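The text below goes through the helix pairs and the ligand shells in turn.

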Amino acid sequence: MPVSNNTEGRRALITGITGQDGSYLAELLLELGYEVFGVVRRASTERFERIDHLRDRVNLLHADLLDQSSLNRAFAEAAPVEVYNLAAQSFVPTSWSEPVLTAQFTGMGVTRVLEALRQTCPEARFYQASSSEMFGKVQESPQKESTPFYPRSPYGVAKVYGHWITVNYRESYDLYACSGILFNHESPRRGLEFVTRKITHTAARIKLGLASELRLGNLDARRDWGFAGDYVRAMWLMLQSDEPDDYVIATGETHSVRECCEVAFAHLGLDWQDFVKTDDKLLRPAEVEFLMGDYSKAKRQLKWEPEVSFNSLIEMMVDSDLASLTERRR
Ligand code: NDP
Ligand code: GDR
């Protein structure tokens, strides 16, 4: 955990504060003494589970990435010195069923946020949540900041737009804008639809007799999976640097979906092959087969390194799912 004395009372604004990363980042910034503002959008039912424990310590402002004036108002009210743009339609399969909406949230939304910043708090430092999905059909391995992009989903295409508009605003308006190219990162707070959490949650349900099988798509896909708690520290470190820049954040290891199943089920004393079924309906129209990041620039310039290993991460998620499911049954 970074320790710094000069962050006390600084104002930070987080879009996407109700998401996995938003909740960990809010915790980190509060610990560092920041005053934290979070953008939330209106829904008929509030879904604030990930930040329930922080509700009396963060200031929530209503705005939507689709609505420029709502963003301008929220930014003016928060008057932040740091802005973290984490809001997005972040589930890759949904980007094929809702491609236009994904482009609006995940791509154009970045321009709206940058415009809000430029118009209300141009001195604020800006972080954009870019993604390893931009590498897509990989051109070289491991992937680093200079590796060409070849996105393989409407989500990946939208993230490439968000990445380049961030670089462009930095160069056009001299904004302090950074783009973090983060590889997959997971935690017990990961959404249930993403593959690691789907595996750990269903494995725990099987262990408790609440489910009998786990249906998955491509077991051969390989990802560089890290822990979300480690990755939000990298976001913060980027904005503490003297100069704005872009960084790959990864672990440097790659593992398959199959290996993830092996680790999760073995931790529960089960053999994954007895429960996992493949289902063609879960295959993607275009797949990202292999990702592995080179984080040496972040290590050199930010002194950042991942702390949680792949096995520890999956086991942490299994333990958390088992504990909460057991608790719910009481
Ligand atoms: P989540 O899906 O958990 O969270 C997404 C957040 O965006 C939620 O708070 C959601 O709010 C908010 N949001 C979505 N649409 C809008 C909108 N129109 N207006 C305002 N808020 C909106 O994502 P993660 O926390 O996992 O990821 C954070 C960011 O990092 C995302 O941009 C993601 O694309 C990117 N990323 C994630 C990686 C990962 O492995 N986790 C890797 C690389 C990049 P609500 O609760 O209302 O739905
Ligand atoms: P990803 O994460 O698409 O990499 O995007 P996800 O966990 O959804 O998929 C990882 C890989 O697992 C394969 N897979 C399955 N995936 C899901 N969700 N469900 C299944 O049943 C299943 N079976 C196999 C997928 O085909 C894929 O290859 C995540 C998101 O957080 C993005 O927002 C972020 O930008 C990237 O990580 C980096």
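Helix α6 passes helix α10 in a right-handed crossing; a crossing is right-handed if the near helix is turned clockwise from the far one by less than a right angle, and left-handed if anticlockwise. Helices (H or I, at least four residues) and strands (E, at least two) are DSSP runs, numbered from the N terminus. Here α6 covers residues 195–207 and α10 residues 310–329, and the two pack at an angle of about 45 degrees with their axes 9 Å apart. That makes α6 oblique to α10, since angles under 35 degrees count as roughly parallel, over 145 as roughly antiparallel, 65 to 115 as roughly perpendicular and the rest as oblique. Axes are lines fitted to C-alpha atoms, for helices over the stretch in contact, and angles run from 0 to 180 degrees between N-to-C directions.

On the α6 side the contact includes Thr196, Arg197, Thr200 and His201, which with others meet α10 residues, among them Ile314, Met317, Val318 and Asp321. Residues are in contact if their C-beta atoms, placed from the backbone, lie within 7 Å. By class, the contact of α6 with α10 has 7 nonpolar, 3 polar and 4 charged residues. Ala, Val, Leu, Ile, Met, Phe, Trp, Tyr, Cys and Pro count as nonpolar, Asp, Glu, Lys and Arg as charged, and the others, Gly among them, as polar.

The model is predicted, with local features needing pLDDT of at least 70 and side-chain atom pairs 80 or more, while totals for chains, interfaces and linings use all residues. Residues are numbered from 1 along each chain as its sequence is written, and chains are lettered from A and ligands numbered from 1 in the order in which they are written.

Ligand 2 is surrounded by 21 residues, and Ser90, Ser131, Val195, Gly217 and Ala221 are the closest; a residue counts as near if its C-beta atom, placed from the backbone, lies within 6 Å. Domain 1 (11–186 + 227–249) and domain 2 (195–222 + 254–290 + 308–329) both give residues to this shell, so ligand 2 lies between them. The domain bounds come from an automatic or database domain assignment.

Around ligand 1 there are 25 residues, the closest being Gly16, Gly19, Ala87, Ala88 and Ala129. Helix α1 (20–31) and strand β5 (125–131) are the elements that give two or more residues to this shell, and α1 provides the largest share, 3 residues. The axes of α1 and helix α7 (residues 228–240) come within 9 Å and cross at roughly 65 degrees.

Key
Two residues are in contact if their C-beta atoms, placed from the backbone, lie within 7 Å.
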